[in-house]
Each structure stands twice: as C-alpha cells, then as structure tokens.
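I opened the notebook to record what I looked up in one model.

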Amino acid sequence: MPNTTSPESTVPLRAAVAALPAYVPGASGSAGQVWKLSSNENPYSPLPSVLSAIVEAAGDVNRYPDMYATELVDALAGHVGVETERVVVGNGSVAVLQHVLQAVVEPGDEVVFPWRSFEAYPIAVAVAGGRAVTVPVTQDGRLDLPAMAAALTPRTRVVLVCTPNNPTGPAVRADELETFLAVVPRDVLVVLDEAYLEFVRDPQVPDGVDVLRRNPNVVLLRTLSKAYGLAGLRVGYAVAEPRLAAGIRAVSTPFGVSHVAQRAALASLAPTAQAELLERVDALVAERTRVADALREQGWDLPETQANFVWFGLGDATTACAAQATAAGVLVRPFAGDGLRVSIGEVEANDAFLAVARSWRRG
Ligand SMILES: *Cc1c(COP(=O)(O)O)cnc(C)c1O
C-alpha cells in the first residue's frame, strides 16, 4: 500500500549515482503467445539433472551458502584450465565486473569502453567513481581497437573489451587484440568480457586463458547466464592473475552466490550435463546461421554475429520497428535512435521474428 504521508528524504545521493541512467531490462510478455527475444536468454529450460540439484539445494536455504563457493571455484578452475586462486565468482558477471572496477578504480580514473556496447558498463563505471571514456564501434559493429588504444591517457586505469560485443555481435580477433595489448601499459587493466564465448565459431578469435597467461593485466569475465542457461540464478566469474583475483575477491559481496545457484552451476558443469548444454549451444548456433542466411536473403546487410543475437542498425526507425515486433508477439530490445537487438531463440520464435523482419523491409 503506498504511504502518502511519510516525508521525502533529503539525504543527498552521490552526484554520480543521481546522474545514472536506469538499466533497461529486455521487455517481458504477459498475455497471448509472446516470444521473448529481448534479453539474450537461453530458450531451453534447465536440464532435469540441474533442476533436481536446484530442488535439493532449496531444502538447505536456512543456512548461509559456502562463503567462498569452494566446490564451484574448483569446478570452474578445472573447467577453464587454471589454478583455483585465479577464479573469483559473483552474483552474475555484472556484479563481478562491479567488483573488478571497485578493486582498481580510484575516483576520477578513466575507464575506456566501446559504444554502443553492454549497457551495464556506463552504470558500473559511474558507481565505481570512474570517468567513462567511450569509443564508437565501427560501421560494421566491430570494436575499434586502434581508436580505443588512441583514447588511452595517463589517467586510464581500465579498458573494457566486450567480445563478442553486445549488442552488435562481432568478436575481437587474435591479431587485433595482440596489437592492442602491445600498446596498453602493463598497469592498465584490460577486461575481456566473454559472456558469449561458447557461441563463438570464428577460429580467429583468441583463447582468453592463453591471452591472460601472457598478459597479467588481463581479466576474463565469464558467466553461466547465457550458454549454460542459468540467467535467473546469477552466477558469473572472473579469471585473473592471483594478486588481482585476491583484490577482486576482497571487495566482493559476502555470500554473493546463493547455495541454490552454486549447486545448479556445479550440476551444469558435470561432464554429461555440460555435453548436453553445449549441444544446445550448437543448435542455437545452427539457428543463428539459419536466421542470418534468411535475413540476408531478405536483403539485410547486418554485422557478423558470433553471439546469440543479431543487430539491426535501424537509426530513427528503431522504436517504430520494435513496436511492430511487439504487436506481432515478438519482444526485441530497442536502443532508441540507434538500433535493435534480437536474440536467437527457439525455432518457432525465430520464424515469427523472420516474418517481422520481412515486414520491416516492406516499411
Ligand atoms: C549478458 C551479459 C553478461 C552476463 O551478465 P550476468 O550478470 O552474468 O547475467 C555480461 N556481459 C555481457 C556483455 C552480457 O551481454
């Protein structure tokens, strides 16, 4: 019940907080058949083995979770192929990114990142007290790493490299990343946000762990939200040089990953479950190819996507096109005045979307 009598607070918010843009979640549907292609979610429901792990773990929620998520950290370290001391988990990789920034950014330090990119970045940077320095992506939606290198100043503390880039789709290749890292000072942190790693099929995309081993100023950000289908349980992690990892761990929210989430993540990393989950990723990648081919046939010239979504740089037509999609029962993610992102979902959802895209072309 709204309380109309209590007075409004006069406690000042930090200027950086008062100025924050709100995070806009992808639209969600209610009535009728609605296909949700607005949040890059995995369309498959949890595997039976993961669901039973969740149900079983639910019986223990009167207890705090394992604070250090010991078993999960071990499993992730084994999964990635690094020492456990290099792994830090958190309540989704967005929270882990926040902790990374809190661990290294002093007030006023510059954080360079591409734009348009993940909309959590400007918020995370401002919350950490950093100054956002944005570098436009190229016409074909690729990160402009030479321009990002040129944007470095003595105040730069962190560079965020989103690969594949959300929402445009292309991934950074090994040669361009090497050239970039060669000019980044060793005391500037480079965050490789690999949220869509498992969907990448371009053989020229580098192995993040190999990059990290040769460059101790690199941090990898990964998540179980997308390929592993656990977006609703919030499990993300960073892989970093041990001293940096300890710093990130030190600022992390205590008990940040719930017991249910830890058990679900462990069940997902079990060999048979993992194989099944990666088969689903293969199916989504096949759908991505089918959708991209069909769109090209419709006459669209879109950025190359290595993720589970496609990007339409529709400019001023964005909002109207999104409304048309909603009316047709397909929820997409518009960025007003710029473009629109559409996730790859189940076959029927993708078919419904392809019909919408055809209608956009007819105007
Ligand atoms: C979806 C996404 C994430 C994952 O966020 P979680 O908090 O782990 O759910 C991270 N980075 C990018 C670029 C994303 O698109």
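The entries below follow the order in which I went through the model.

**Entry: model and domains**

I note at the start that this is a predicted model. I looked up the domain assignment and found domain 1 (15-46 + 273-362) and domain 2 (48-270). I then took the C-alpha centres of domain 1 and domain 2, which lie 23 Å apart. For the contact between them I have 31 residues of domain 1 against 37 residues of domain 2.

**Entry: largest pocket**

How much space lies in the largest pocket? I get about 550 Å³. Its lining has 30 residues, and I wrote down the ones nearest the centre of the pocket: Tyr-23, Ser-39, Val-94, Phe-118 and Lys-226.

I sorted the lining of the largest pocket by class and got 13 nonpolar, 10 polar and seven charged residues.

Next I asked which elements each supply at least two residues of this lining. They are helix H4 (93-104), strand E7 (218-223) and strand E11 (333-335). H4 gives the largest share, three residues. By domain, the lining of the largest pocket takes at least three residues from domain 1 (15-46 + 273-362) and at least three from domain 2 (48-270).

**Entry: cavities**

A reminder to myself: rolling a probe the size of a water molecule over the atoms shows where empty space is left. How many cavities of 30 Å³ or more does the count give? It gives two.

The largest cavity holds about 70 Å³ of space. I listed its lining as Thr-163, Pro-164, Val-172, Leu-177, Leu-192, Glu-194, Leu-197, Val-200, Val-205, Pro-206, Asp-207 and Gly-208. By class this lining comes to eight nonpolar, two polar and two charged residues.

For the second largest cavity I have about 40 Å³. The residues that line it are Tyr-44, Ser-45, Pro-46, Leu-47, Val-50, Tyr-228, Gly-229, Leu-230, Ser-268, Leu-277 and Arg-280. I count them by class as seven nonpolar, three polar and one charged.

**Entry: H10 against H11**

I turned to helix packing. Helix H10 (residues 259-269) packs on helix H11 (residues 271-298) at an angle of about 80°, and the axes are 5 Å apart. That makes H10 roughly perpendicular to H11, because angles of 65 to 115 degrees count as such.

I looked up which residues meet. Ala-267, Ser-268 and Leu-269 are on the H10 side, while Pro-271, Ala-273, Gln-274 and Leu-277 are on the H11 side. By class the contact of H10 with H11 has five nonpolar residues, two polar and no charged. I see two of these names again in the lining of the second largest cavity, where Ser-268 and Leu-277 are listed.

**Entry: H4 against H9**

H4 came up in the pocket entry, where it supplies three residues of the lining. Here I looked at its packing with helix H9 (residues 242-251): the angle is about 105° and the axes are 8 Å apart. H4 and H9 are therefore roughly perpendicular to each other. On the H4 side the contact is made by His-99, Val-100, Gln-102, Ala-103 and Val-104, and on the H9 side by Leu-244, Gly-247, Ile-248 and Val-251.

**Entry: backbone exceptions**

The background I work from is that most residues other than glycine have a negative phi, and most peptide bonds are trans. I noted where the model departs from this.

The peptide bond from Trp-115 to Arg-116 is cis, with omega near 5°. Arg-116 sits in the loop between strand E3 (110-115) and helix H5 (120-127).

A cis peptide bond also joins Asn-166 and Pro-167, with omega about 15°. I placed Pro-167 in the loop between strand E5 (156-162) and helix H7 (174-183).

Arg-234 is in the loop between E7 and strand E8 (236-239).

Notes: Residues are numbered from 1 along each chain as its sequence is written. This is a predicted model: local features need pLDDT of at least 70, side-chain atom pairs count only at pLDDT 80 or more; totals for chains, interfaces and linings use all residues. Side-chain values use heavy atoms; hydrogens and water are left out. Axes are lines fitted to C-alpha atoms, for helices over the stretch in contact, and angles run from 0 to 180 degrees between N-to-C directions. Helices (H or I, at least four residues) and strands (E, at least two) are DSSP runs, numbered from the N terminus. Angles under 35 degrees count as roughly parallel, over 145 as roughly antiparallel, 65 to 115 as roughly perpendicular and the rest as oblique. Contact means heavy atoms within 4.5 Å. Ala, Val, Leu, Ile, Met, Phe, Trp, Tyr, Cys and Pro count as nonpolar, Asp, Glu, Lys and Arg as charged, and the others, Gly among them, as polar. On a 1 Å grid over the protein atoms alone, a cavity is a set of points where a 1.4 Å probe fits but cannot get out, and a pocket is an open set with protein on both sides within 12 Å along at least five of seven lines; lining residues have an atom within 4 Å of a point. Grid points are joined across faces, edges and corners, and a volume is the space filled by probe spheres set on the points. Domain bounds come from an automatic or database domain assignment.
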